[in-house]
Amino acid sequence: MKRFIIIAILAICMVTATTVFAEDMELRKADPVFYSVTVTLQRNLLGQFNAGAYVAVDWIKVSSVSLQVKTGGSWGYYCSLTAPSTTSYGMTYYAEKDYSHLSLPSGTYRLQATFQTNNHSVTRYSNEITK
């Protein structure tokens, strides 16, 4: 009887783990083209842009970048920035852009970047920094 209970518990654990893993994979695959898209803003205002596609695409680029400022707990538009000029062909994209020329007042900032490939685009936000 103990053996049956142990086997039943193990079976339930395996089914639960499989279900959780499958749901996690669906969440990660929420974007049909990109498996990963990240934007990072360093304290020295260096922007880093990364993307990875599930399959090879004609091209990947960052089409627009803007700086946002946090005011009263909400994010708002601060200014448009020049997007990196890099265009990648294949499955991965990486570019850096130096925005240290900006003279920013004290505040909390983040980048908003739109990545494009073929007829698909996705917008992501960077981490926040405080100046």
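In the predicted model, S66 stands opposite S80 in β3, a pairing within the antiparallel arrangement of strand β2 (residues 46-71) and strand β3 (residues 74-81), which are joined by seven bridges. Strands are taken to pair if DSSP finds at least two bridges between them. S66 itself lies in strand β2 and is buried, with a relative accessible area of 10%; buried denotes under 20% relative accessible area, exposed over 50%, and partly exposed the range in between, for a 1.4 Å probe and protein chains only. Beyond its neighbours within four places in sequence, S66 is in contact with Y77, C79, S80, L81, R110, L111 and Q112, contact being defined as heavy atoms within 4.5 Å. Two residues lie between the strands in the hairpin of β2 and β3, where G72 takes a positive phi near 60°.

L67 also lies in strand β2 and is buried, with a relative accessible area of 2%. The C-alpha atoms of L67 and C79 are separated by 5.3 Å, although these residues are twelve positions apart along the chain. When residues up to four places away in sequence are not counted, L67 touches G76, Y77, Y78, C79, L81, L102, L104, Y109, R110 and L111.

The protein has one helix and seven strands, and these follow the pattern α-β-β-β-β-β-β-β when read along the sequence. Helices (H or I, at least four residues) and strands (E, at least two) are DSSP runs numbered from the N terminus. Residues are numbered from 1 along each chain as its sequence is written, and side-chain values use heavy atoms, with hydrogens and water left out. Because the model is predicted, local features need pLDDT of at least 70 and side-chain atom pairs count only at pLDDT 80 or more, whereas totals for chains, interfaces and linings use all residues.

Of the 131 residues in the protein, 33% are buried. Among contacts with a separation of 6 or more, 61% involve residues 24 or more positions apart. The accessible surface of the protein comes to about 8,300 Å², and carbon and sulfur atoms account for 57% of this area; accessible areas come from the Shrake-Rupley method with a 1.4 Å probe, and for residues only the protein chains shown count as cover.

The largest nonpolar core has 28 residues, and those with the most contacts inside it are F34, F49, V62, V65, Y93, L111 and F115. Two or more residues of this core are given by each of β1 (34-41), β2, β3, β4 (87-98) and β5 (108-117). The largest share, nine residues, comes from β2. A nonpolar core is a set of buried Ala, Val, Leu, Ile, Met, Phe, Trp, Tyr and Cys residues joined through side-chain atoms within 4.5 Å.

The structure holds three aromatic pairs. One of them is formed by Y35 and Y54 and is tilted, at 5.9 Å centre to centre and 55° between the planes. This pair links distant parts of the chain, with Y35 in strand β1 and Y54 in strand β2, 19 residues apart. Y35 counts as partly exposed at 46% relative accessibility, as does Y54 at 28%. Another of the pairs, between Y93 and F115, is edge-to-face, at 6.1 Å centre to centre and 85° between the planes. Here Y93 in strand β4 is linked to F115 in strand β5, 22 residues apart. Rings of Phe, Tyr and Trp (its six-membered ring) pair if their centres lie within 6.5 Å; planes under 30 degrees apart count as stacked, over 60 as edge-to-face and the rest as tilted. Both Y93 and F115 are buried. Apart from neighbours within four places in sequence, the contacts of Y93 include F49, N50, A51, I60, V62, P84 and F115.

A search of the whole structure finds one salt bridge, defined as a side-chain nitrogen of Lys or Arg within 4 Å of a carboxyl oxygen of Asp or Glu. K70 forms this salt bridge with E128, the closest N and O atoms being 3.5 Å apart. The pair connects K70 in strand β2 to E128 in the loop between β6 and β7 (129-130), 58 residues apart. Both partners are partly exposed, K70 at 33% relative accessibility and E128 at 44%.

Positive phi values also occur in residues other than glycine. Phi of L45 is near 70°; L45 is placed in the loop between β1 and β2 and is buried, with a relative accessible area of 3%. N118 has phi near 45° and is placed in the loop between β5 and β6 (120-125), where N118 is partly exposed, with a relative accessible area of 35%.
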